[in-house]
Amino acid sequence: MEHELTYADVLAARDLLTGHLPVTPMWSYPALDAVTGATVHVKHENVQPVGAFKVRGGLTLLAAMAPAQRARGLMTYSTGNHALSLAYACAVFGAPCSVVMPATASAEKVRAVRALGATAVLHGADMASAQERAEQLAAEGGRHLVSPGDTPALLAGVGTAYLEILEARPDLDAIVVPVGSGTGAAAACLVAAQLAPACRVVAVQSSAAPAAHDSWRGGACVRRPNRTAVDGLATGRGFALPQQLMRAGLADFRLVSDAEISAAQRLLASHAHTLAEGAGAAALAAVLADRDGFAGQRVAVVCTGGNASAAEIAALGGPADRALVTSSSCG
């Protein structure tokens, strides 16, 4: 790790991002509130230029690099949104970019990475294989290897989303954040500790890929099987830097099923006019899974991305979960 991440790094990232990204909207929807029994504020990171919050981190990293570092080119590994973030930032700053993606990565995200001018290398069945290949190619080509989870500049950049959330709504009772590598939840802990220490940060991950959850619960980074169909949550190990920050500041870490995430996607589409990819709906899924626990509270759910696959979009037209949309904890 380059250095210990601090709140000052998040403030510096906001300065670096000025002129690159506007503040994203955060709305509440009465129909959604009626279903959840809470006042839910949806932070719309799905409207970022690459359709996901991670662009904040990519631009922060590239903006802080020396021109000679950029000229070497960057190498990373990703299932999709981190790849898009780095490809976009490299295009903005004129740096070569290569991304190793699992062979199972969605065709839409591979196409989008290539459209941004980056090289997408498909390798292996999972992120572990992609990481090994990226490390090998970076060493052979002299490129700067970027870890999607343990790069402080990426966490500082995504932390700016939580500055926006808590400056707009300092009275929140909770922020619910989806976790893949954990950069978003870790950054949320850092910002909430400074701006709203009474606001709980709650992480959520798919029960079909619980590595970050189990790492946090056990107090050490572990590997776990990665069987989720949700691209943005498809990581098989814990990352040291996010885990360190989450251990210091996370109020709770929940698991939800892929089926619960799909139901939340449909609810965001029908009740909040929002196209969310699976990871972008996971925070809402966690609220729906514990309506009694969140009843009557002011809760921000982070819609981290809108890069839904063709299959996900088709599934939005499926039957609604009647129990989900007709019952409410608010009585």
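Which residues lie nearest the centre of the second largest pocket? Thr104, Ala125, Asn226, Thr228 and Ala234 do, out of the 13 residues that line this pocket.

We're looking at a predicted model, where local features need pLDDT of at least 70 and side-chain atom pairs count only at pLDDT 80 or more, while totals for chains, interfaces and linings use all residues. Residues are numbered from 1 along each chain as its sequence is written, and side-chain values use heavy atoms, with hydrogens and water left out.

View 1. A pocket here is an open set of points on a 1 Å grid over the protein atoms alone, with protein on both sides within 12 Å along at least five of seven lines, and lining residues have an atom within 4 Å of a point. This one holds about 200 Å³ of space, as filled by probe spheres set on the points. Sort its lining by class and you get six nonpolar, four polar and three charged residues (nonpolar: Ala, Val, Leu, Ile, Met, Phe, Trp, Tyr, Cys and Pro; charged: Asp, Glu, Lys and Arg; polar: the others, Gly among them).

**View 2. The largest cavity, with a lining of 27 residues.** Unlike a pocket, a cavity is a set of points where a 1.4 Å probe fits but cannot get out. Counting those of 30 Å³ or more gives two cavities.

View 3. Lys54, Gly57, Gly58, His82, Ser85, Pro148, Leu154, Val158 and Thr183 make up the lining. By class, that's three nonpolar, five polar and one charged.

**View 4. Helix H1 (residues 7-17) crossing helix H8 (residues 152-168).** The two axes (lines fitted to C-alpha atoms over the stretch in contact) come within 8 Å and cross at roughly 90°. That makes H1 roughly perpendicular to H8 (65 to 115 degrees). On the H1 side, Tyr7, Asp9, Val10, Leu11, Ala13, Arg14 and Leu17 take part, and they meet Ala156, Gly157, Gly159, Thr160, Leu163 and Glu167 of H8. The class tally for this contact is seven nonpolar, three polar and three charged residues.

**View 5. Threonine 60 of helix H3 (residues 55-64).** This residue counts as buried because its relative accessibility is 4% (buried is under 20%). Leaving out residues up to four places away in sequence, threonine 60 touches Ala13, Leu16, Leu17, Ala153 and Gly157 (heavy atoms within 4.5 Å).

**View 6. The buried residues of helix H11 (residues 240-249).** Leu241, Pro242, Gln243, Leu245 and Met246 are the buried ones. Their cover includes H8, helix H9 (183-195), helix H10 (211-218) and strand S9 (252-256).

**View 7. Alanine 269 in helix H12 (residues 258-272).** With 30% relative accessibility, alanine 269 counts as partly exposed (between 20% and 50%). Apart from neighbours within four places in sequence, alanine 269 is in contact with Thr274 and Leu316. Leucine 195 is 74 residues apart from alanine 269 along the chain, and their C-alpha atoms are separated by 31 Å.

Terms used: Axes are lines fitted to C-alpha atoms, for helices over the stretch in contact, and angles run from 0 to 180 degrees between N-to-C directions. Helices (H or I, at least four residues) and strands (E, at least two) are DSSP runs, numbered from the N terminus. Angles under 35 degrees count as roughly parallel, over 145 as roughly antiparallel, 65 to 115 as roughly perpendicular and the rest as oblique. Buried means under 20% relative accessible area, exposed over 50%, partly exposed in between (1.4 Å probe, protein chains only).
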